[in-house]
Amino acid sequence: MSPRPKRPSDADYYERDRVELFSQGDLFRDVPLAYPLPADELLVDEASRGSRRFLSGPLAFGPAMLITPSCSLGAQGVEGYGHPVRTLVPLIPVVQLVDDGIVKETALADLRRFDHLINYMYLPPLEIDELEFSMPESIALLYMPVTLHHAFLEGQRVSQLAYRGAQQLQRKLVWFYSGWLEDDLDSFDPPMD
């Protein structure tokens, strides 16, 4: 059996302003994350024909990573986007997942070295002074995608994955969706423009 493939070094994960259009692996702040909590109230709209019910409850916002393939975002034959639908996964601080008992503290060294958990992707810390944004080392919850309209993301992008980070994302997505883990990171050639 071959040894576990190592993940890229922390310095190889992020870059800023590589391309103008959104692409797979972009990181966003203040995104509506996954499933809203139970409703605080039930609003009834009786002004229109018949009555309508709306649930209104708390919805968590935080950092997320775009997983929609870049080739699926672009319009065919013209510039811009082909459609307004985006799929992202929430990014949760490692310390929170350890505190909640989801990741064992004894697994942290291997997580940082190998990114070896199939349902998650490890992301090193990120700090961007000019945006006053910081993200501690985090885990992308690959099993919990959220689909949003593009308008939710406008003005919220803080970084993009660099080439090696994008290769790791592709490796992790293939492993998560197919169960096949490719040892050679260079087998992946993500589009970067």
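This is a predicted model: local features need pLDDT of at least 70, side-chain atom pairs count only at pLDDT 80 or more; totals for chains, interfaces and linings use all residues.
Arg 18 itself is found in the loop between strand 1 (14-15) and strand 2. Its side chain also reaches the backbone oxygen of Met 192, at 3.1 Å. Apart from neighbours within four places in sequence, the contacts of Arg 18 are Ser 23, Asp 26, Gln 160, Leu 161 and Met 192.

A further salt bridge connects Arg 16 with Asp 17, where the closest N and O atoms lie 3.9 Å apart. Arg 16 has a relative accessibility of 32% and so counts as partly exposed. Asp 17, by contrast, is classed as exposed because its relative accessible area is 59%, the threshold for that class being over 50%. Through salt bridges that share partners, Arg 16 and Asp 17 are joined with Glu 130 in one network.

The count of salt bridges comes to nine. One of them pairs Arg 4 with Asp 110, with 3.2 Å between the closest N and O atoms. This pair links distant parts of the chain: Arg 4 belongs to the segment before strand 1, Asp 110 to helix 3 (residues 108-114), and 106 residues separate them. Arg 4, at 43% relative accessibility, counts as partly exposed. Asp 110 is likewise partly exposed, its relative accessible area being 31%.

Of the contacts with a separation of 6 or more, 69% are between residues 24 or more positions apart. The chain has 193 residues, of which 43% are buried. It exposes about 10900 Å², and carbon and sulfur atoms supply 53% of that area.

The pairing of strands can be followed from strand 2 through strand 5 to strand 6. Strand 2 (residues 27-32) and strand 5 (residues 61-66) run antiparallel and are joined by four bridges. Within this pairing, Leu 27 stands opposite Met 65 of strand 5. Strand 5 is also joined to strand 6 (residues 85-93), again in antiparallel fashion, through three bridges. Here Ala 64 has Pro 90 of strand 6 as its bridge partner. In a regular strand, side chains alternate between the two faces of the sheet.

Which residues of the largest nonpolar core touch the most other members? They are Leu 27, Met 65 and Leu 123, in a core of 22 residues. Two or more residues of this core come from each of strand 6, strand 7 (120-123), strand 8 (126-128), strand 9 (133-135), strand 12 (157-161) and helix 4 (163-178). Helix 4 gives the most, with four residues.

The surroundings of Leu 123 show how separate parts of the chain come together at one residue. Not counting residues up to four places away in sequence, Leu 123 touches Tyr 13, Tyr 14, Leu 27, Met 65, Leu 91, Met 135, Glu 137, Ser 138, Ala 140 and Leu 161.

Note on methods
Residues are numbered from 1 along each chain as its sequence is written. Side-chain values use heavy atoms; hydrogens and water are left out. Two strands pair if DSSP finds at least two bridges between them. A polar contact is a pair of N or O atoms within 3.5 Å; within protein, one must be able to donate a hydrogen and the other to accept it, and residues adjacent in sequence count only if both atoms are side-chain atoms. Contact means heavy atoms within 4.5 Å. A nonpolar core is a set of buried Ala, Val, Leu, Ile, Met, Phe, Trp, Tyr and Cys residues joined through side-chain atoms within 4.5 Å. Buried means under 20% relative accessible area, exposed over 50%, partly exposed in between (1.4 Å probe, protein chains only). Accessible areas come from the Shrake-Rupley method with a 1.4 Å probe; for residues, only the protein chains shown count as cover. A salt bridge is a side-chain nitrogen of Lys or Arg within 4 Å of a carboxyl oxygen of Asp or Glu.
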